[in-house]
Amino acid sequence: MVYSLKKKMLYVTLGSLLAASSASAKVYVNSLCHMKANSEGRIIEGDKNKGEKFPLASISKVVTALWAVEKLGPDYRYATKLHVNKVGNDSYDVHIEGSRDPIFGRNASYFLISELNRAGVDIKKIENLTFDENFLLDWLAEEKPRIGGDTPYYDTIEKQTEAVRRSLLADFATPIRKEMYAALKAKADRIGAKMESNPTISVHRVEFKAKRDFAKTPETTTLVYRSAPMRTILKRMNNQSNNYIADTLYWNLGGTSEFNRFIKSALSVGTDEIEFHLGSGNNANYIYNPNTDIYNEATCETMIKVLYRLDKTLEKSGYELNEIMAVAGVDQSSTVAGYGGNFSGSTVAKTGSVNKAKTLTGTVSTKNGVIYFAVLMHTDNRTEWGAASATIKEKVNDLIVSNGGPKKIKYEELLPLPFDADSKLTNATAAVGSKG
């Protein structure tokens with residue numbers, strides 16, 4: 001399907017055309033709005049354009065996070081099964097039954113190889129490695145260019161599985177990069193996930209085998225790898241502003257038609273208030289129409305509704321927004337790591353940057369209470385992103401100051417990895433013919 005975005009005038013609000021580094025450089029505030037968490041009637045304040053749709057850029061990931069949390073839950077773990085048969089003294093056949101884990105890349109693979117080498121499992125040599133259509137492996141899932149680039153889109157299962165097969169051969173089945181493994185192991189140690197010192201794996205043959213074509217035998221042992229919980233995956237997505245994770249989640253959850261049904265049910269809003277094409281907020285033209293820019297759009301008011309609903313949904317499970325979004329000045333691997341002053345330790349936020357849009361959304365903790373906010377900006381070109389960021393910070397800082405100044409939240413930096421201490425391989429062998 002080919003989408004087209006309607007042209008709209010970009011309004012100059014909150015005063016006028018805002019700053020720039022040269023006479024020709026321009027940045028505009030499209031819309032700014034906010035709502036006090038303790039507001040009676042949940043009144044959203046803001047400019048006259050708060051009900052107009054504008055490009056969201058990567059704050060789209062907050063909306064994707066809401067969908068994932070509501071549909072799967074903050075504690076949901078992707079379970080990838082390894083069906084193992086011994087074929088020699090030290091050789092095995094392994095079939096991977098995937099779960100469409102959206103963060104299965106180098107880091108998850110290194111952890112899995114370590115687990116295969118662990119005492120009690122002791123698998124170092126694989127004769128035949130097969131995988132089904134639900135196993136998604138992208139070696140660079142948490143690295144460039146996947147973080148900020150286009151997410152590979154496969155319009156057929158054949159294209160997807162061939163890409164996975166190539167990666168298993170070219171990446172998974174090749175020697176581990178020691179320096180990268182050591183850095184990952186050190187991080188794993190910090191969260192209590194133990195990894196072997198010098199793991200190794202050899203793979204002779206890799207092939208795709210559809211789920212319907214695989215059958216266990218009485219000798220098959222089934223091992224299960226469980227990803228980190230959804231809230232941790234979302235924290236990694238938002239800290240990095242990772243397009244691959246966001247888009248893969250979006251497609252896993254059902255894509256645009258399912259999203260439209262979800263958001264209408266959750267927030268009673270339609271496509272006149274929010275329009276999505278990808279989970280990341282990246283330009284979707286490479287999928288739909290290379291000749292037309294295609295971006296996610298929403299109103300400022302809708303973003304406040306998303307934040308509020310996400311906050312309350314997490315609260316019901318005993319979690320807070322800062323467990324899936326970055327805390328300014330505290331989460332050092334995040335896009336708001338350098339936000340100091342009144343922002344540091346008081347602001348939970350997600351940044352957005354794409355083509356001519358610069359955005360920010362989140363919460364600020366002030367002496368007058370917590371405030372949800374969103375700022376949607378336009379720039380004439382990418383060279384003005386710096387000026388746009390400065391303007392956004394100025395507007396949000398004014399919001400903090402006008403509410404008595406910042407109040408730091410209780411938070412210690414989290415280290416989101418694709419696995420945790422509960423991801424270790426466990427035996428899940430079931431009788432042949434069962435669904436286990």
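Which residues is Leu-249 in contact with, leaving aside its neighbours within four places in sequence? In this predicted model, the list comprises Thr-64, Ala-68, Tyr-78, Pro-102, Met-230, Leu-234 and Met-237.

## Nonpolar cores

Leu-249 is among the residues with the most contacts inside the largest nonpolar core, which has 54 residues. Val-63, Leu-234, Phe-259, Ile-263, Ile-274 and Leu-310 complete that group. Two or more residues of this core come from each of the following elements: strand E1 (27-36), helix H1 (60-72), helix H5 (230-240), helix H6 (243-253), helix H7 (255-267), helix H9 (300-316) and strand E14 (369-379). Helix H9 gives the most, with eight residues.

Is strand E4 (residues 79-86) enclosed or open to the outside? Six of the eight residues of E4 are buried, so the strand is largely enclosed by the rest of the structure.

E4 pairs with two strands, E8 and E5. Strand E8 (residues 221-226) runs antiparallel to E4 and is joined to E4 by six bridges. Within this pairing, Thr-80 lies opposite Tyr-225 of E8. Strand E5 (residues 92-97) is also antiparallel to E4, again over six bridges, and here Leu-82 has Ile-96 as its bridge partner. Five residues lie between E4 and E5 in the hairpin that these strands form.

## The disulfide

How many disulfides does the structure hold? There is one, and it joins Cys-33 to Cys-300 with an S to S distance of 2.2 Å. A disulfide is a covalent bond between two cysteine sulfur atoms. The angle about the S-S bond is -105°, and the link of Cys-33 and Cys-300 is left-handed.

Where in the chain do Cys-33 and Cys-300 sit? Cys-33 belongs to strand E1 and Cys-300 to helix H9; they are 267 residues apart, and the pair links distant parts of the chain. Both cysteines, Cys-33 and Cys-300, are buried.

Conventions:
Residues numbered from 1 in each chain as written. Predicted model: local features only at pLDDT ≥ 70, side-chain atom pairs only at ≥ 80, totals over all residues. Heavy atoms only, no water. Core = buried A, V, L, I, M, F, W, Y, C linked by side-chain atoms within 4.5 Å. Buried < 20%, exposed > 50% of the residue type's maximum accessible area, 1.4 Å probe, protein only. Helix = DSSP H or I, 4+ residues; strand = E, 2+ residues; numbered from the N terminus. Contact = heavy atoms within 4.5 Å. Pairing = 2+ DSSP bridges. Disulfide = S-S within 2.5 Å.
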